[in-house]
Amino acid sequence: MITLLNRELGLFLRPEDAGAPLEALPGWDSLLLFRLVAVLEEEAGRPLPVAEVVTAGSLAEIHALAVGL
Amino acid sequence: MVHALLSDWVPENLDDPELRPVLGRDWHRYQAMRHHHVRERFAASRLLLKHVAAQAIQAPPATVELAYKPGGRPYLRGCDQIDISLSHTEELLLVGITRRGWIGVDAELEDRSMLVSGIERQVCTPYERTMLSQVRESDRNQEMVRLWTLKEAYSKAIGQGMRFRFNEFGFGPSGHPVQVLRPDGSPGTGEEWAFGTCRVEGRYTASWALYDAGFGDTDDTRAGTMLDEGLVTALLHQPAEAPQPAAEATAATDVPLTGAGVAA
């Protein structure tokens, strides 16, 4: 997912950023969260539980929601 | 609403121990941040917020204690009559402060690309999508930035963050009185809410949402009169046997308000 985000959203995240709080990610903001949802929905071909995604604390948590864990 | 530039508020030394008493409860959160620019932004925004609040309550910045409600909404501990809000983007820091009720502020670069795949569906109500489709294409992104900052400001003011889905409430076209609208475009809020949008530093769009709780107005916002009476009583009348908290340094970083401007 980190590779996907860097490619689609123009970020420079590292694999170790996956577990970090979203607020601690360089360049992260709420608009990027919505863009992330759009990218993941397109990739997964199904809608994400947005209400849960917007309260997730890290990219790892969002990834778990995206893959349905 | 007060705005400032990030570069005017970034501490020279991000590891300066003098920052600890100023950041207070935010210190450990700050220490856990690994990226330099994230730490710069965090420290600068809290310094500005504390100095603005300190001006309002006429108290030293280091004595202003920030706390966070569930969901992350910041507030001034012990000063329930004053509400605050914070936003930062790129080089801009923005603080909202009021004694009237609740406030939320938000800012974005006015040319930030908003009309990207899938975003409108996530962010806009059906009414807003129709409205945007009628806006001249060259103006559409800027109109979307205005809507976005209003939504952010309102959601911050009500303390919901993004838990209140952005496509479940909206706003009308620019040039008209601003109020919250339901997804179908019918009115959602009344006169108790006021909204505004302005241009800041020549390249940012900043919006505010203000809820008038009917507290009335007062010119006296000094900490001595705005402090919550119950808290003061509890602090001043602690039982003798109660454990005393370790004394904390209260040295303030004497960062002047230079560079901060009143935007609205």
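The model is predicted.

**Fold of chain A**
- Chain A contains four helices and zero strands.
- Read from the N terminus, the order of elements in chain A is α-α-α-α.
- The radius of gyration of chain A is 11 Å, close to the 11 Å given by the globule rule for 69 residues, so chain A is as compact as a globular protein of that length.

**Dimensions, burial and contacts of chain A**
- The C-alpha trace of chain A spans about 30 × 20 × 20 Å along its principal axes.
- Of the 69 residues in chain A, 23% are buried.
- When contacts in chain A between residues at least 6 apart in sequence are considered, 42% join residues at least 24 apart.

**Contact between chain A and chain B**
- Chain A gives 15 residues to the contact, and chain B gives 18 residues.
- On the side of chain B that touches chain A, the elements giving two or more residues are α4 (36–57), α5 (119–123) and α7 (137–157) of chain B.
- The largest share of that side of chain B, three residues, is supplied by α5(B).
- Sorted by class, the side of chain B that touches chain A has eight nonpolar, six polar and four charged residues.

Terms used. Residues numbered from 1 in each chain as written. Chains lettered and ligands numbered in written order. Predicted model: local features only at pLDDT ≥ 70, side-chain atom pairs only at ≥ 80, totals over all residues. Contact = placed C-beta atoms within 7 Å. Nonpolar A, V, L, I, M, F, W, Y, C, P; charged D, E, K, R; others polar. Rg over C-alpha atoms; globule rule 2.2 N^0.38 Å. Buried ≥ 20, exposed ≤ 12 C-beta atoms within 10 Å, placed from the backbone.
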